[in-house]
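Please keep the sequence and the structure in view while reading.

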Amino acid sequence: MSKEVVVDPLTRIEGHLKVRAEIDEDGNVVDGSPYSVGTLFRNFENIIKGHEPTDAIHISSRFCGVCYLAHATTSTRALEELYDVEPPKQGRLMRNIANGAQAIEDHAEIIYALWLPDLANPLYTDPDDGILAPFSGLRKELVNRFAAINDPNGPGESYLKAVQTRKEVAKVPGIINGMSPHPRTFQPGGISYVPKEADVSKFASVWQRAVDFVEKVALGRPNNPIPYTAWFDLAEEWAGSSTPLADILEWINGIEDQNGISGLGDVPLLLKYGALNALQGGPNLRMHRYGITNDLLLSYGCWEEWNDEPYLSPGVVDLQDPATITEPDPVDTSQIREDVKNSFYEDGTGGHPSSESTKPLTDLTDEDFETYQADKKYTWSKAPRYNGRPAEVGPLARMVIDDPTGLVPAIALRLHELGLSPVNTFTREVARFQNLMVLVPKVLEWVTMIDQSGNFYNEPDWEAGKNSEGLGMWEPPRGALLHYASTDSDGNIDKYQAVVPTTWNMSPRGADGKMGPYEQAVNSIGPKNGSLPETAENPVQIFHTIRSFDPCIACACHTIGPNGEKNKFETRRC
């Protein structure tokens, strides 16, 4: 007999997320039982209508207090197309530096404050009954490093250092944008900010603080740091190997043999004991065996360059065609649609961002929010589709499509060769670490290219913004982000639509009846795919899986058990 588990709410990202599933007696999530439910409607797209276009930059940054800069950037890029204006090199540089710093702090926050504390969950680390109870060294490392600040055993050493580093890095977008969050300096045509010499020195100082964290915490240890340049060399070497997974494990084993498990940096520790130790039959959490999606990976590419080529290229990978891992298809924005069959919007209001509308239902009852049926409306989230198919977005999609070292695509291909899914909870988080790594040298490169005497802004022809339209795309940490804006004859916004990363990933089933990425990923949990059995009382693999997509800052969460009562979890388990 299966048990129903409802995690509600899981997170504070763009409203609360509810995840529902059934778990059978063997610890498998019952096929078809997961539902991803967005429970909050905010109406920003309708709020923006009627405003002067540049207002959209400041209003849209309020979509999210974490991704504020990404929304401001994407809105700015949409308006640059609407006004037909190109920002100068220095303006693009400053927007890159602000977004790069924000992405580094965001990745650190996501990894250490949101995702890794689950590794200290008592289901794993209880010294008597935990899955890792026989492995005291590993168990102690997970708790000592990753326990949250409100865990009885916390805060973990790495958790605390990540929070401290994030605090420093967060100063950079604040300096560039005049305030943080919600920038005041982004404008179509560039940026209304010229850095002072003291600002550039501060950027360099903060960059060094980030490097110290990467080398002494993420990759190595304080007494045995691993230079990020050495990681890049190794990553390129592994990417060229026919056995990258075994080669990575061999490297980690060498460090552990010499320095013990406490001598492993956080990344090597996660790589080995999250999954790779399975290659030699050792203890691991089998994270490569669940959190699976099997449709498309989508990335818009990101970082503004001055030769019209992004630093990280856009693309689409079809997971049913592994050849596209090495040769991704180009992105065709005309193939993007949002479906509303299972969403709390009027039927017929979906479509391409340029033609769809946002018309919420106004006669909903409490019963509507407790509906888990594939032919019913059950969420405020629309169902984005690319060429009619669900798509996963985020660091894994971004790094599979264009990891400058080639490592993540090599790992994906090797997993496919081994008969395993290249898209899972393990690879999703490995890609997030790698995404942070590739940003570190790039941000320094941008800082060294600042020319304080250069041009930072090209003023648009404001008359060109009448009866016009623009499409802006960006790739924040959470994934592919799109804003569309059109104006009337007075130059005011008459349509605004945003298709955001979380909407792609938390998509409901839609007209095709196919589960979205969150739902697919939860559906894969359990021994049926080789993972550990899930428990209804403490569904840690559901937590791991959803958070691997980056649902941002976790709130106190609770579950509703099979008998309907609400059981508040200890915060450390959330």
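## Salt bridges across the chain

K3 has a relative accessible area of 37%, which makes this residue partly exposed. The model is a predicted one. K3 forms a salt bridge with E537, and the closest N and O atoms of the two are 3.2 Å apart. This pair links distant parts of the chain: K3 belongs to strand β1 (residues 3-7), E537 sits in the loop between α18 (517-523) and α19 (540-548), and 534 residues separate them.

A search of the whole structure finds 32 salt bridges. One of them joins the side chains of R389 and D318, with 3.0 Å from N to O. Here too distant parts of the chain are linked, 71 residues apart: R389 is in the loop between β9 (383-386) and β10 (391-392), while D318 is in strand β7 (residues 315-318). Are these residues buried or partly exposed? R389 counts as partly exposed, because its relative accessibility is 23% and the buried class ends under 20%. D318, at 17% relative accessibility, falls under that limit and therefore counts as buried.

## A buried pair and a network

D550 and R478 form another salt bridge, in which the closest N and O atoms are 3.6 Å apart.

## The three-strand sheet

Strands β11, β12 and β13 make up an open sheet, in that order, and their pairing is antiparallel. Why is one side of β11 and of β13 left without a neighbour in the sheet? β11 (469-474) and β13 (493-499) stand at the edges and each has a single partner strand, so one side of each has no neighbour there. On average, neighbouring strands of this sheet are turned by 10° against each other, direction ignored.

β11 and β12 (residues 481-487) run antiparallel and are joined by six bridges. M473 has L482 in β12 as its bridge partner. Helix α3 (residues 68-83) lies across β11, β12 and β13, and runs at about 145° to β11.

## Aromatic rings

The structure holds 17 aromatic pairs. A pair of aromatic rings is described by the distance of the centres and the angle of the planes. For Y35 and Y372 these values are 5.9 Å centre to centre and 50° between the planes, and the pair is tilted. Y35 is in strand β3 (residues 35-38) and Y372 is in the loop between β8 (336-339) and β9, so the pair ties together parts that are 337 residues apart in sequence. Y35 is buried, with a relative accessible area of 6%, and Y372 counts as buried at 15% relative accessibility.

The ring of Y35 has a further contact: the charged end of R509 sits over it, 3.9 Å from the ring centre. In another place, the charged end of R428 sits over the ring of F549, 3.9 Å from the centre of that ring. Finally, W303, Y311, W446 and W474 form one aromatic cluster.

Note on methods
Residues are numbered from 1 along each chain as its sequence is written. This is a predicted model: local features need pLDDT of at least 70, side-chain atom pairs count only at pLDDT 80 or more; totals for chains, interfaces and linings use all residues. Side-chain values use heavy atoms; hydrogens and water are left out. Two strands pair if DSSP finds at least two bridges between them. Helices (H or I, at least four residues) and strands (E, at least two) are DSSP runs, numbered from the N terminus. Axes are lines fitted to C-alpha atoms, for helices over the stretch in contact, and angles run from 0 to 180 degrees between N-to-C directions. Contact means heavy atoms within 4.5 Å. A salt bridge is a side-chain nitrogen of Lys or Arg within 4 Å of a carboxyl oxygen of Asp or Glu. Buried means under 20% relative accessible area, exposed over 50%, partly exposed in between (1.4 Å probe, protein chains only). Rings of Phe, Tyr and Trp (its six-membered ring) pair if their centres lie within 6.5 Å; planes under 30 degrees apart count as stacked, over 60 as edge-to-face and the rest as tilted. A charge sits over a ring if NZ of Lys or CZ of Arg is within 6 Å of the ring centre and within 35 degrees of the ring normal.
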